[in-house]
Amino acid sequence: MAAANGEKGFEVPEVEIKYTKLFINGQFVDAASGKTFETRDPRTGEVIARIAEGDKADIDLAVKAAREAFDNGPWPRMPGCARGRILNKFADLVDSHIEELAALDTVDAGKLFMMGKLVDIPGGANLLRYYAGAADKIHGETLKMTRPLHGYTLKEPLGVVGHIVPWNYPTTMFFFKVSPALAAGCTMVVKPAEQTPLSALFYAQLAKQAGIPDGVLNVVPGFGPTAGAAMSSHMDVDKISFTGSTEVGRLVMEAAAKSNLKSVSLELGGKSPIIVFDDADLDMAVNLVNMATYTNKGEICVAGSRIYVQEGIYDAFVKKSIEVAKKSVVGDPFNPHVHQGPQVLKYIEVGKREGATLLTGGKPCGDKGYYIEPTIFTDVKEDMAIAQEEIFGPVMSLMKFKTVEEAIQKANNTRYGLAAGVVTKNIDIANTVSRSVRAGVIWINCYFAFDNDCPFGGCKMSGFGKDMGMDALDKYMHTKTVVTPLYNTPWL
């Protein structure tokens, strides 16, 4: 297994931490309690900044600012085209700070610097532009009534939204939530993950520079049991959008139900299957599965963590998968030759203890920081934890199947339903499997095929509600029906 975290020979940019306070009503402020917490660099374990720690008092202040901005401010009352112009300016500002923002996500989350520069940060800017274009295309309908009545619907912004963002994709998830909510005319409070607050605070400042009015976008770093719980149960928050674990998603729903019955959308865990059939191109399939399992260190909710390979190519697939995994370079995420950065993981020991066969990887590597080798298990049984629980790490579980029917049954044998992959040249198999596997998105002969126009979200215990596409815009709006009488009308 190649390890690069002891090497240099590549340039590490100077990372300046500019924003460490809460952003409330257009200003950076200390927490009401005066408390701070550490954020650490997973490359080294060292503290890189102390961040203001928001709790209930700060959430109250942020929600109050968002409520005032929604009830009396200009943002919801602007024509959509005016909001769109500001969102486009926001996107341009993001583009002008790509390197700085990518470096922030690297030192805060251990993400690959090149991936941030090429994908995450530009992707956030482009998502802003997508919803900027949609902001003036929000339409209701004229209703064909059965009596002399004129009926129509209005699409109105939902109100104050609380966004709770995970740590694995700090930029991507920030814009998944903020972009459509802003386009819809909502105001909001964002609670970034306590592990990765730095880029969210930077984006808050860029939003202000772009012209988003004070109080529309507030950012309150803090912890789930304090800041997150306060937002979920707040009587003046109209909606919670949460991405994270199924366990915490339950707590969010419970708090919403016990407070003001605010609407909730949840993007939760996944245990996504990839089904590789005998007719698949072996090299393509192995490379696809390798990417699906190890991208972002496996720290992605749709990671392909259950790999079902048809018996005819199983042995060849296993052999080639080991070869590809051993070529993976683990090390400093600023190194452009590195494929996988730092992380902490427990499930490798669980897999070995349950009796799965460890073919390759599974050990820490490097002399400092949190680095794990890409790992492959075989002899994995359906009831093992590594086949049922979300691992969130670079662990591939390889399993064999005989028939299409068996593959579908195995793929559906999970409490999750976020994503799935199908690798085959047979269109009939592709159609049958994609309609039979219960998941929010099915990728056929591709993986991680995200696109701004493609709704993304799960079913079963992977949650409900969609990010991206026009579906995401809808979840930040509600439909109001208006009816008036018609007098002396020649037709209905």
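Predicted model: local features only at pLDDT ≥ 70, side-chain atom pairs only at ≥ 80, totals over all residues.
I then found its place in strand β12, which covers residues 263-267. Is E267 buried or exposed? Its relative accessible area is 3%, and since the limit for buried is under 20%, I wrote E267 down as buried. Next I asked which residues E267 is in contact with, leaving aside its neighbours within four places in sequence. The list I noted holds M173, F242, T243, G244, C301, L418, F456, S462 and D467.

**Entry on the domains.** I turned to the domain assignment, which gives domain 1 as residues 22-268 and domain 2 as residues 273-444. Between the centres of domain 1 and domain 2, taken over C-alpha atoms, I noted a separation of 32 Å.

**Entry on a sheet.** I followed three strands that form an open sheet in the order β6-β7-β24, and I noted that their pairing is antiparallel. Why is one side of β6 and of β24 left without a neighbour in the sheet? Strands β6 (142-143) and β24 (477-485) stand at the edges and have a single partner strand each, so one side of each has no neighbour there. Looking at β6 again, I saw that this strand pairs with β7 (residues 149-157) in the antiparallel sense over two bridges, and that the bridge partner of T142 in β7 is Y152.

How values were computed. Residues numbered from 1 in each chain as written. Heavy atoms only, no water. Pairing = 2+ DSSP bridges. Helix = DSSP H or I, 4+ residues; strand = E, 2+ residues; numbered from the N terminus. Domains from an automatic or database assignment. Buried < 20%, exposed > 50% of the residue type's maximum accessible area, 1.4 Å probe, protein only. Contact = heavy atoms within 4.5 Å.
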